[in-house]
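Biologist: I have a model open here and would like to go through it with you. Can we take it topic by topic?

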Amino acid sequence: LHVMLAILAGVFCIVMGLRKSPPNDYTLGATLLIELFLLAQLVVALLAPAVGNPATGDVLEFYAYLLTAIVMLPLAGFWALTDRSNWSNVVLGVANLAIAVMLIRMLSIWFA
């Protein structure tokens with residue numbers, strides 16, 4: 001579900017950027033929603049081993065992906081708030097699409 005939402009947010013932000021729309025509440029809100037899902041993913045990943053669902057892949061690599069993803073979206077949002085051009089929406093979109101790819105990789109690491 002969170003992968004599909006990241007893809008939808010990414011495509012939405014890119015379309016808004018290509019339509020020459022500056023960053024707005026919708027594009028920043030979609031990116032914030034994905035960030036909230038990433039923070040929930042962090043909580044689940046920290047609690048999962050305690051309830052019998054440990055990672056089968058490289059745990060360090062998993063958390064490196066997760067922490068990078070968590071940091072990436074606020075940086076893209078900061079860019080969008082300071083630049084205010086339509087290309088900032090494209091940056092938000094690319095960041096969201098990169099998060100979707102990272103989430104797929106994190107799933108493959110956790111369930112290796």
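Biologist: What share of the 112 residues of the protein chain counts as buried?

Modeller: 39% of them, where buried is under 20% relative accessible area, exposed over 50% and partly exposed in between, with a 1.4 Å probe and protein chains only. This is a predicted model, in which local features need pLDDT of at least 70, side-chain atom pairs count only at pLDDT 80 or more, and totals for chains, interfaces and linings use all residues. Residues are numbered from 1 along each chain as its sequence is written, and side-chain values use heavy atoms, with hydrogens and water left out.

Biologist: How many helices and strands are there?

Modeller: The protein chain has 4 helices and 0 strands, taken as DSSP runs numbered from the N terminus (helices H or I, at least four residues; strands E, at least two). The C-alpha trace spans about 50 × 20 × 20 Å along its principal axes.

Biologist: Now the core. Which residues have the most contacts inside the largest nonpolar core?

Modeller: Leu38, Phe62, Leu66 and Ile99, in a core of 28 residues. A nonpolar core here is a set of buried Ala, Val, Leu, Ile, Met, Phe, Trp, Tyr and Cys residues joined through side-chain atoms within 4.5 Å. Helix 1 (2-18), helix 2 (25-47), helix 3 (59-83) and helix 4 (86-110) each supply at least two residues of this core, and the largest share, 9 residues, comes from helix 4.

Biologist: What does leucine 38 touch?

Modeller: Leaving out residues up to four places away in sequence, Leu38 touches Leu66, Ala69, Ile70, Leu73, Ile99 and Leu103; contact means heavy atoms within 4.5 Å.

Biologist: Which side chain makes a polar contact with the side chain of asparagine 96?

Modeller: That of threonine 31, at 3.1 Å. A polar contact is a pair of N or O atoms within 3.5 Å; within protein, one must be able to donate a hydrogen and the other to accept it, and residues adjacent in sequence count only if both atoms are side-chain atoms. Beyond four places in sequence, the contacts of asparagine 96 include Ala6, Ala9, Gly10, Cys13 and Leu73.
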